Amino acid sequence: MKQIFGYIVILCSIPLLLLIGSEVWVEIGEAKQYEQQIAESIELPEVVSTFPVNLYDANKVIFSEEYIEWSQPLPLNEIPEIVKQLFIYSEDENFYNHIGFDVSAIARAFIANTSEQSIQQGGSTITQQLVRMRYLSTDKTYERKLMELFYAYEIEKTYSKDEIFEMYLNEMYFSNQVYGIGAAATYYFNRPLTKLSVAEMAFIAAIPNSPTLYDPIQHFENTKNRQERLIDKLMEHGAITATEAIAYKEESIQLEVKQKTQQYPSYSTFVLQELKWLIADQTGYRELIDKTSDKMEKEFLQLELQKKIDLILRQGINVYTALQPEKQRQDEIAINRILPNSDLQASATVIDNETREVISIFGGKDYKKHDLHRAYQAPRQPGSAFKPISVFAPYFETTTGTKYSSINGGPYCIGNFCPENYGRIWYNNVTVETAFKNSINTSALRIFNTVGVDTAFSYIDQFGFQSIVDKDRTFAAALGGLTYGVTSLEMADAYSSFIDGFYSPVRSIRKVTDLTGNVLYSWSRDREEIWSATTTKTMRDLLNATVTSGTARGLYSSSEYIGAKTGTTNAFKDYWMAGLTNDYTTAIWVGYDRPRSMESIESSKIHFSIFNAITD
């Protein structure tokens, strides 16, 4: 009965077939005015393998491989005949006969196939599918479908059938960022295509029809079922016998998915971001983006930059970093152990004082690849940890004041800004050293007022604070009151100026080379003197006094020198510790992703424990 009904539908569809054929040709004729434009946009790009981005640690050992996509293009003559048949028979039986689109196939798309076990023929040819992959979106609109036909027709005039088929087989998406049949073989089976069995070839050939539904890692059974239907197609066309079909279906499929080296995700995620900053800086895009105030132009420049970055990454590069793997591992273990079994989070950045490089970075508890990286993506209010940068160092640099100078610690307002001291304790005249190590807010505000907002920010602006904005240029900045805040990376970066008074932005990347070793990018290592020798010594003395007899009591280190400054924001929503030893400069933030009071755990001094663990 179903068969009879099918014949009736086909007979009734004959007028529709004729109408479709005539309408398509009418549209093609009317589109002649666009023919030159379309033809000019069709060009055969150079198809190259996409290589991994290899990240090397300080010992020049790969610790992470990153793929934008995995592809290994093959010439058509190196692709087994059975693979070609799998796609021709299932996707476009008339491929070598049509002119880019197939009127009969378009008509068949209107007729539902009554058998669940057969491959439904869609209206799109292999050429049309290539058009969608390369030139057009997949939006199902009348205009887009017509444009697809025009492009397919032009491609067929421009390239031979074999060229089109080769492009198709090398550009199809096989899920999991894998493109092309050659790459699918090495990714899913860790062998070249020619070394796969027919059953394995049919298995990966099943994927492109619906890369999500037939993702063999997530939906193995779906892929296996479609593989068996493809094997039936081969048998129906006489490419294999019925006996072979049964054997191929029964063959066990064992995936051997290519494993990427993926160690230290906190560090590798940061390196990939810094790589983008490096390319933007050295291609001139950063300067152009920073200069323009036009939002559309800024967006356009950012898109152009991303294209530039993608091109570089696709060609394969080696990124040499300052990662000290054992320290990174130990720091991660230590911080994860110290953080309680709750949603309390932390970030930390450790700088090598000699090289000014990021040797360890902590993006969050139990950090997974590309999670929110709190060390550079999550600015928070720094509280009093900001005072050495905003208040005290500029004060010593621009006045005759010393750590023994006298400053009042009593109530003080500038306009409506009337900060309180911790514990609402008021002081009479105290030394600058006492004001620093005991974090007396009103004394700090008086000093900041002496320095002046503009002068203070002339120093702050020399560091890499990305989230500080113009409206932060207020007296609240003296105490770390900022619109968005800062990150632990930025705080460690700024505090590194207290090593010796000189500043060079801290980096994780040493150099970027192509796969043959030619250096493509590297940061300038120029250093600028920010603080005089006198200011530097005074600041180091104050930071040390804070540890020995101030708010940072409880820190320790095997280093001959240790100095630090604490920070606690309003309502105990953020805890900070920033400081340095002879070997390291470190900044630590502890808090919740959704800020809330941590007063109940104040006595635990978690940020103290983390500092001790990663700087000792």
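I sort residues by type as follows: Ala, Val, Leu, Ile, Met, Phe, Trp, Tyr, Cys and Pro count as nonpolar, Asp, Glu, Lys and Arg as charged, and the others, Gly among them, as polar. The model is predicted, so I note that local features need pLDDT of at least 70 and side-chain atom pairs count only at pLDDT 80 or more, while totals for chains, interfaces and linings use all residues. Residues are numbered from 1 along each chain as its sequence is written, and side-chain values use heavy atoms, without hydrogens and water.

**Entry 1: the pocket**

I looked up the second largest pocket, which has a volume of about 1200 Å³. A pocket here is an open set of points on a 1 Å grid over the protein atoms alone, where a 1.4 Å probe fits, with protein on both sides within 12 Å along at least five of seven lines; lining residues have an atom within 4 Å of a point. The volume is the space filled by probe spheres set on the points, which are joined across faces, edges and corners.

I found 39 lining residues, with Trp 277, Arg 286, Asp 290, Gly 464 and Gln 466 the closest to the centre. The lining divides into 18 nonpolar, nine polar and 12 charged residues. Helices H12 (265–282), H13 (285–291), H14 (295–314), H20 (453–460) and H21 (488–495) each give two or more residues to this lining. Helices are DSSP runs (H or I, at least four residues), numbered from the N terminus. Which helix gives the most to the lining? I noted H12, with seven residues.

**Entry 2: H12 and H14**

I then checked how H12 packs on H14: the axes come within 10 Å and cross at roughly 115°. Axes are lines fitted to C-alpha atoms over the stretch in contact, and angles run from 0 to 180 degrees between N-to-C directions. The two helices are therefore roughly perpendicular to each other (65 to 115 degrees; under 35 is roughly parallel, over 145 roughly antiparallel, the rest oblique). Leu 275, Lys 276, Ile 279 and Ala 280 of H12 meet Leu 305, Lys 308, Ile 309, Ile 312 and Leu 313 of H14, where contact means heavy atoms within 4.5 Å. I count seven nonpolar, no polar and two charged residues there.

**Entry 3: H17**

H17 and H20 pack at about 100°, with axes 9 Å apart, and are therefore roughly perpendicular. H17 (387–398) also packs with H22 (533–549), at about 135° and with axes 9 Å apart. That makes H17 oblique to H22. Their contact residues divide into six nonpolar, two polar and one charged.
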